[in-house]
Amino acid sequence: MQDTVPAGAQIAARSVHEPVDVSRLVVLVLLTQVVYWLAHVYAEMVGRRVETGRRPGWPAVQHLLLHVAASAGIGAGLVLLEVLVP
C-alpha cells in the first residue's frame with residue numbers, strides 16, 4: 001500500500017528540480033474548487049427534485065449556490081493554505 005503524501009510536500013519536493021509557478025497553481029486550485037462547488041449544487045438540486053417530484057425554482061437554486069459556496073469557502077481556504085504554506 002502506498003503512503004499518501006500531502007500536496008504541499010509533493011510540490012516542495014518537485015520544486016527542487018523545477019520552479020513552481022505559484023499563480024498558476026492557485027488558479028488551478030480555485031478552478032478545481034469551483035468544479036466541486038457546482039457538482040455539489042447540482043447533486044443537491046437533483047436530490048431535491050427526487051424528493052419533491054418537481055424542479056427547484058430559481059430562488060431555491062440561488063439559495064443552494066450561496067449556501068454551498070459559504071460552506072465550500074472554508075474548504076477552499078484550507079486547500080490553498082496547504083498548497084501555499086510550506
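The buried residues of helix α2 are Val26, Val29, Gln33 and Val41, where buried denotes under 20% relative accessible area, exposed over 50% and partly exposed the range in between (1.4 Å probe, protein chains only). The structure is a predicted model, in which local features need pLDDT of at least 70 and side-chain atom pairs count only at pLDDT 80 or more, whereas totals for chains, interfaces and linings use all residues. Residues are numbered from 1 along each chain as its sequence is written, and side-chain values use heavy atoms, with hydrogens and water left out.

The protein contains three helices and zero strands, and its elements follow the order α-α-α from the N terminus. Helices (H or I, at least four residues) and strands (E, at least two) are DSSP runs, numbered from the N terminus. Confidence is expressed as pLDDT, the predictor's score for each residue from 0 to 100. The average pLDDT of the protein is 76, and 62% of the residues score at least 70. Where pLDDT is low, the predicted coordinates should not be read in detail.

Of the 86 residues of the protein, 13% count as buried. The accessible surface amounts to about 6,900 Å², with 65% belonging to carbon and sulfur atoms; accessible areas come from the Shrake-Rupley method with a 1.4 Å probe, and for residues only the protein chains shown count as cover. Contact is defined as heavy atoms within 4.5 Å. Among contacts between residues at least 6 apart in sequence, 68% join residues at least 24 apart.

Helix α2 comprises 31 residues (residues 22-52), which at 1.5 Å a residue should span 45 Å; the end C-alpha atoms are 45 Å apart, in agreement with that value. The expected span is 1.5 Å times one less than the number of residues in the helix. The helix is followed by Gly53, whose phi is positive, near 85 degrees.

Val41 in helix α2 is buried because its relative accessible area is 4%. Leaving aside neighbours within four places in sequence, Val41 is in contact with Leu64, Leu65 and Val68. The C-alpha atoms of Val41 and Ala69 are separated by 9.0 Å, the two residues being 28 apart along the chain. Leu65, located in helix α3 (residues 58-84), counts as partly exposed because its relative accessibility is 21%. With neighbours within four places in sequence again left aside, the contacts of Leu65 are Trp37, Leu38 and Val41. Leu65 and Tyr42 are 23 residues apart in sequence, and 9.4 Å separates their C-alpha atoms.

Val27, Leu28 and Leu31 make a nonpolar surface patch of about 260 Å². Patches are made of residues with over 30% relative accessible area and no salt bridge, like charges being joined within 9 Å and nonpolar side chains (Val, Leu, Ile, Met, Phe, Trp, Tyr) within 5 Å; a salt bridge is a side-chain nitrogen of Lys or Arg within 4 Å of a carboxyl oxygen of Asp or Glu. Arg49 likewise lies in helix α2 and is partly exposed, with a relative accessible area of 45%. Beyond neighbours within four places in sequence, Arg49 is in contact with Arg54, Arg55 and Pro56.
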